[in-house]
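Hi there,

I am passing on a structure that I have been looking through. Please have a look, and then read my notes below.

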Amino acid sequence: MPQPPPPSRRRSAYPLRAQSTPAQHEDGSTDQPCLLERAQLHAVPSTLLIPLAARAHGGRYFAWLACQDAVATKLLAELGADVNAYLDDLPTVLNVLWRTRAIKEVGRAFFADHPQALGVNLGCGLTHHFQWLDAGANHWLDADLPEVMALREQLLPLCCPRARHAQVDLTQPGWWKRLGLPTKTDAQPVLLVCEGVLMYLQPAQVHAVLAEFAQCAPAGSRMVLDVLTRQAVGRASANASVGLTGAEFCWGVGRMAELEQVHPRLALLREQSVSECYGWTGIALDMLWRPWLGAPLYGMATLGVEDGSA
Ligand SMILES: C[S@@+](CC[C@H](N)C(=O)[O-])C[C@H]1O[C@@H](n2cnc3c(N)ncnc32)[C@H](O)[C@@H]1O
């Protein structure tokens with residue numbers, strides 16, 4: 001009996017809308033489909049439009065979190081994407097702007113300490129964090145699945161000799177070596193960013209990603225990632241944005257401490273909850289729900305790799 005493809009391999013259930021359908025001319029010819037239609041993204045890769053829309057236009061709704069993304073609006077126009085439905089989902093727009101600010105903060109602090117180090121965006125989609133984190137002598141690598149990198153090559157060609165692109169499938173062990181990342185014996189630590197990615201992987205695959213980071217990264221390396229509570233698993237349809245894509249949430253945390261328990265070299269250096277954006281009401285609700293949720297509804301974690309047993 002043929003099995004349905006795993007969620008990450010399904011075509012988007014609701015094909016991403018182009019701004020307009022190709023017009024038919026009198027001679028029967030039609031305009032070329034837009035870049036987004038030609039890309040035919042699968043369900044999970046198609047979710048890259050959600051944070052892209054938030055970074056491009058989210059400042060309209062949350063001026064205090066506006067990220068001043070210099071390229072996101074242009075990318076949306078070049079893709080021909082109509083993202084109005086994603087902008088109606090204000091909680092998700094807020095989540096993205098909040099995490100962008102958190103990543104900028106972690107990145108700037110990291111490169112202040114390690115001005116020549118490498119930053120890696122795993123599952124980069126169409127983000128351009130190097131616009132904010134280029135400190136003059138550091139390096140940057142953007143990596144994602146082949147179909148996303150093909151799109152990225154067309155839209156965001158490399159513009160700096162210290163930046164590079166690579167294809168990666170994080171579900172395939174050995175990605176650290178395949179990406180040519182520094183080894184444990186290198187003095188220079190690495191910063192990994194992994195936002196909006198791991199919740200689409202199976203729990204065993206997430207553990208393997210974290211374990212590979214812990215096993216391979218030089219001491220002092222950092223990974224900044226976002227997490228959902230385990231209660232969100234299987235409930236992507238309840239999210240107004242992700243529910244439109246056909247992607248599913250497969251991984252969430254029961255307790256933030258689980259993250260560091262994956263490997264003895266890992267330490268949970270910082271955890272944050274998006275509830276901080278909602279003032280005292282948000283913080284009070286977070287405390288109220290925490291015994292049931294075990295973790296923030298939506299949060300960020302900064303993991304560190306320390307010296308010690310491997
Ligand atoms: C919600 S988008 C986030 C994109 C980007 N990080 C951002 O915040 O704009 C999810 C991304 O995860 C990527 N992704 C999903 N599974 C992956 C895998 N197994 N290996 C690498 N990237 C993956 C998708 O291709 C997609 O770009």
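Here are my notes on a helix, a loop residue and a surface patch.

Please keep in mind that this is a predicted model.

Let me start with helix H8, which spans residues 146-155. Its buried residues are Val148, Met149, Leu151, Arg152 and Leu155. They sit on the same side of H8, because the arc they cover around the axis is only 160°. What do the buried residues of H8 pack against? Their partners are three helices, H1 (35-39), H2 (43-46) and H4 (72-79), together with two strands, S2 (139-144) and S3 (163-167).

Next comes Ser241, in the loop that lies between strand S5 (222-228) and strand S6 (266-273). Is Ser241 buried or exposed? Its relative accessibility is 0%, so Ser241 counts as buried. Its side chain makes a polar contact with the side chain of Asp89, at 2.6 Å.

Finally, the surface has a nonpolar patch formed by Leu285, Leu288, Trp289 and Leu297. Together these residues have about 390 Å² of accessible area. One of them, Leu285, belongs to helix H11 (residues 279-293). With a relative accessible area of 34%, Leu285 is partly exposed.

Technical notes
Residues are numbered from 1 along each chain as its sequence is written. This is a predicted model: local features need pLDDT of at least 70, side-chain atom pairs count only at pLDDT 80 or more; totals for chains, interfaces and linings use all residues. Side-chain values use heavy atoms; hydrogens and water are left out. Patches are made of residues with over 30% relative accessible area and no salt bridge: like charges are joined within 9 Å, nonpolar side chains (Val, Leu, Ile, Met, Phe, Trp, Tyr) within 5 Å. Accessible areas come from the Shrake-Rupley method with a 1.4 Å probe; for residues, only the protein chains shown count as cover. A salt bridge is a side-chain nitrogen of Lys or Arg within 4 Å of a carboxyl oxygen of Asp or Glu. Helices (H or I, at least four residues) and strands (E, at least two) are DSSP runs, numbered from the N terminus. Buried means under 20% relative accessible area, exposed over 50%, partly exposed in between (1.4 Å probe, protein chains only). The arc is that of the directions from the helix axis to the C-beta atoms. Contact means heavy atoms within 4.5 Å. A polar contact is a pair of N or O atoms within 3.5 Å; within protein, one must be able to donate a hydrogen and the other to accept it, and residues adjacent in sequence count only if both atoms are side-chain atoms.
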